[in-house]
Amino acid sequence: MADIFTTIGSWLTGLFEGLGASPALAATILMVLGAAVLASAVLFILVFNIWFERKVMARFQDRIGPNRVGPWGIFQTVADLAKLFSKEIIIPGGADMMPFMMAPVIAVMSVILIWAVVPFTPNLIGTDVNIGALYFVAVSSLGVMAILMAGWSSNNKYALLGAFRAVAMLVSYEVPLVLTLMIPVLLTGSMRMNEIVAAQRIAYLFMMPLAGAIFWIASVAEVGRQPFDVLEGESEIVAGYHIEYSGFAFAMFYAAEWAHGFAICALMAVLFLGGWRGPGVEQIPTLGIVYFLLKTFLLYFFQVWTRAILPRIRIDHIMYFCWKFLVPLSLVLVVVTVLVDKTARSLIPGYMLTGSLIEMLPRAAVLLIVNVAVALLAIAWVAWLGRRERERAEAASVSIAPIESGATAQQAR
Amino acid sequence: MIPLHWFLLVAAGLFSLGVYGVLARRNAVAILMSIELMLNAVNLNLVAFWRYMAPETLSGQAFAVFVFAVAAAEAAVGLALIISIYRNRETVVAEDINMLKW
Amino acid sequence: MTITPVTIAFAVLAIFTLGGGLGVVSSRNMVHAALYLVLALFGVAGLYVLLEAPFLAAIQVLVYMGAIAVLITITIMVTRRIMGITESVNRQWPLAAGIAALVAVTLGFVVLGLFNGLLPVADVPPDNIEQLGAAFVSHQAYLLPFEVASVLLLAAMIGAIVVARD
């Protein structure tokens, strides 16, 4: 299973040891180097992503988009970055210096940390810890702290308001996110990212479409993308928690948001679309990175698509949607999945076999049926709620309607 | 490998800081934070002893997990109480919350 | 004592932990105290990693830093009108410092006397987390405490909602 990345790794280890480093030191240097390369690669891909997003958005809105700097405007982001880097960081009066300057750093850090457990190929992964999925949830919850710090230390009402909104929303959407994250973990029987990918001969999205959908919605909300972008809400609270940031500090928040948006695409690809899995990966592991990036960019396109076509939802509707719909639904889904999966294990012979695609079909079929059933019930429930709401609204409007003549008003009473 | 007593000394220092905070701070939220420090010190001790004395058993980690659960419950209820007191009496200073003291 | 990457990491994390703790108990600005608390909690999470308990480190970050610290910070920000205008310590602080110093010295003596220079007796089994997960739901191990903890959390949740509501 030798591929190009392990070769480079062992070559570098040999190089450091040849320069007189002990094996432990060489391993440490390699780890630090790997972390630096990974983090830089994420930020580098960001430059492309921002251009991609602007271009796709423009096409959705019947515009051309950036087209001046370089071919198809591809270096537009570079120019923007150069501008942002050269601008002064304005610190508002009464700002709390330490948290003010720390907040953007923590925001970027919490996003970059996610990439440590994303498997690019079977062998290329930052660190294949046995708690990968939990690690993802843990580090992404650090971003909340950065937003709070930024909002509070800016000494600005809009910033604080935006921070409170953001925290309320992010903390709420973490619940369905974690609950649906548990489903791939439960089906695989491991929190190790590589094992979750390896178990997906049939991608979990086709076994558990509802879980995938809830995970996707919750992660888009975690990023604060449209339609969940109330934490910035230009028209309501001008720019939310980063209103007072300028220059490089603003660029860091911007980078953090975009990198987070890309990171959730990567995680969705890993957890529900089979990550690096694809034809021929067993023979050439390096091919995995192509499949992985293909899936991630497909999801990223989908994210931009959502962003381009959906309006912003009101904050109370967002909270209502989370606590009264997504949380109960994901709870029911987890419990039902566990019960059905466990029962089917004892009832259907060969249920847990993973030898070939055919052998995995019974389990996939059972889980798919369960998912579709839960999804249909949820839709019926929401439809019933909506109908009741509408009937109530109509009843309320009828009672005040007859105002033309005294006689009809009398009858109505 | 780091010897056990380093971890225990860090935990002891953290615990003492927590003791000082609980006894000396006036703000009720600060007292709560100091309690969290003490709980963390205890947890650190539990995990350190588990790692160095009995890594093949589970009791150290299991107890640490229960401490997490209790700490979360304690923080939620404690902060709810503080907010409620703040609403009613406009104070979060522990000494001023003395209506039951006669 | 030779300096290895592990000892450097330990030193940095210990400084984070103790420095953060010191900030929590001494900082007059309550929001700063909460941020120092986050630093201390982060240090402890790092120490868990050094102790080869990554699961607890992740739980520490998720529960303490992602939930409890955020809750505390929000409480401070919501009640900030009267935060910070009071003295940070009460009249009995010298006594408190004395007691804390006594606790520190006693614990230090006990630690250095009983556990000086101990090294791990064995390695952590690789399937440690699987065992832990199984133990939580096994009636021979921790099923009852686990369920009691769930009830406690539920009670705390309901209690917090009832108390904090108008």
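Biologist: Which residues of helix 3 of chain A meet helix 12 of chain A?

Modeller: A:Leu81, A:Leu84 and A:Phe85 in helix 3 of chain A meet A:Gly247, A:Phe248, A:Phe250 and A:Ala251 in helix 12 of chain A. Two residues are in contact if their C-beta atoms, placed from the backbone, lie within 7 Å. The helices are DSSP runs, H or I, of at least four residues, numbered from the N terminus; strands are E runs of at least two. The model is predicted: local features need pLDDT of at least 70, side-chain atom pairs count only at pLDDT 80 or more, and totals for chains, interfaces and linings use all residues. Residues are numbered from 1 along each chain as its sequence is written, with chains lettered from A and ligands numbered from 1 in the order written.

Biologist: Why are helix 3 and helix 12 of chain A called oblique to each other?

Modeller: Helix 3 (residues 76–86) and helix 12 (residues 247–272) of chain A pack at about 135°, with axes 6 Å apart. Axes are lines fitted to C-alpha atoms, for helices over the stretch in contact, and angles run from 0 to 180 degrees between N-to-C directions. Under 35 degrees is roughly parallel, over 145 roughly antiparallel, 65 to 115 roughly perpendicular, and the rest oblique. The two helices of chain A are therefore oblique.

Biologist: What is the expected span of helix 3 of chain B?

Modeller: The rule is 1.5 Å times one less than the number of residues. Helix 3 (residues 59–89) of chain B has 31 residues, so 45 Å is expected. From first C-alpha to last, this helix reaches 44 Å, close to that value. B:Glu90 follows helix 3 of chain B, with a positive phi near 60°.

Biologist: How many residues of chain A count as buried, in percent?

Modeller: Of its 413 residues, 41%. Buried takes 20 or more other C-beta atoms within 10 Å of the residue's own; exposed takes 12 or fewer, and partly exposed lies in between, with C-beta atoms placed from the backbone.
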